[in-house]
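Happy to go through this one with you, asking at each step what a label rests on. Here is the model to look at.

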Amino acid sequence: MSESTEPAGTGGLTTGEVARRLGVAPTTVRTWDQRYGLGPDRHTGGRHRRWTPADVARLERMCALTATGIPPAEAARLARETPAPASASAAPPSVLPRRAPAPEVAPASRAGSGLRLGDARQECKGIARAALRLDAAALDRLLLDAIREYGLVAAWTEVIVPTLQAVGRKWESSGERYVEVEHFLSWHVSGALRRAAPDTAPDRPGASVVLACVPGDNHTLALEVLSAALAQRGIPVRMFGGALPVESLIAAVRRTGPAAVALWAQSRATASRPLAQHVAAMEWGVRGARRSPLVLTLGPGWSGRPAPGTARPHGLADAVQALEGLATR
């Protein structure tokens, strides 16, 4: 019996229904099950596979993590280790919000089959196709057009991230064949962010922001877009990029006396709460007027690992708003 004809009364969702809710192909859901152990916790009616709200919540976590650029294997590990919200495990399947079926995307070109982007903006599809063709000129033009049209924050959230997610799914579902496309797209996104950013804002004592990946982490794209967004708002930024050693981070904070320090961690293996708390406790200035930086923990590595005395914004817009308010006081 096919998934579309399974009786509705057996409880839970079919693989096809789950795929539609997530906006991915059913083959992707099955691959995540077979390769990473993200299948339903129980089977119903012989070989019929039914997904509970907790199972779906785990897959939603997987989608959210891969959207940030985390490799699928690491994203799956984090998704399995993150407890499902209480509401997800308690709610019946019928109360989960339904998503419209994802429209089919025609094959992109001779470079290969198209990317499933669901109901994403048309710009996502154009960028994805240019990346698949390895068309550097077209990719640069489309990325810059999106940034000019929607603004940096909206272009990142609504165009660039969904495209990176789709390319990640293509790589994951194709036997890891499209690594060159993922690297190509990431490189051109980085270049577009630099070109879209204005000149570095002049330093203002106590108003600068330090941006760095924690030791062992080289995923800089999210920090690059944050740096560009802050530069657009006239906020001085000190960008240190990937895998900054602990001693160098501490030296940079002491030398610049920043209003805030944003630390990116892509995985739980690199997210160090003691490091974040140590930076948050650093002080400088004259006696009686000493200051400490606000530390923002950014990236999926900090999920479920709150560091006391630090802030954890929910997304790029929240981070920009928090830093803008702090640096302009």
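Q: What makes Arg-77, Glu-81 and Arg-268 a network?
A: Salt bridges link Arg-77, Glu-81 and Arg-268. A salt bridge here is a side-chain nitrogen of Lys or Arg within 4 Å of a carboxyl oxygen of Asp or Glu. This is a predicted model, in which local features need pLDDT of at least 70 and side-chain atom pairs count only at pLDDT 80 or more, while totals for chains, interfaces and linings use all residues. Residues are numbered from 1 along each chain as its sequence is written, and side-chain values use heavy atoms, with hydrogens and water left out.

Q: How do you know that Arg-77 and Glu-81 form a salt bridge?
A: Their N to O distance is 3.0 Å, and the rule asks for within 4 Å, so the pair qualifies. Arg-77 and Glu-81 are about one helical turn apart because they sit four residues from each other in helix 4 (residues 72-81). Helices are DSSP runs of H or I with at least four residues, strands are E runs of at least two, and both are numbered from the N terminus.

Q: Why is Arg-77 called partly exposed?
A: Its relative accessible area is 25%. Buried means under 20%, exposed over 50% and partly exposed in between (1.4 Å probe, protein chains only), so 25% falls in the middle class. Glu-81, with 39%, is therefore partly exposed too.

Q: Why does Arg-148 count as exposed?
A: Arg-148 has a relative accessible area of 63%, so it passes the cut-off for exposed. Its salt-bridge partner Asp-145, at 3.5 Å from N to O, counts as partly exposed because its value is 36%.

Q: What makes Arg-58 and Asp-55 a salt bridge, and are they buried or exposed?
A: The closest N and O atoms of Arg-58 and Asp-55 are 3.1 Å apart, and both residues are buried. By this rule the count comes to seven salt bridges.

Q: How much of the chain counts as buried?
A: Of its 329 residues, 51% are buried.
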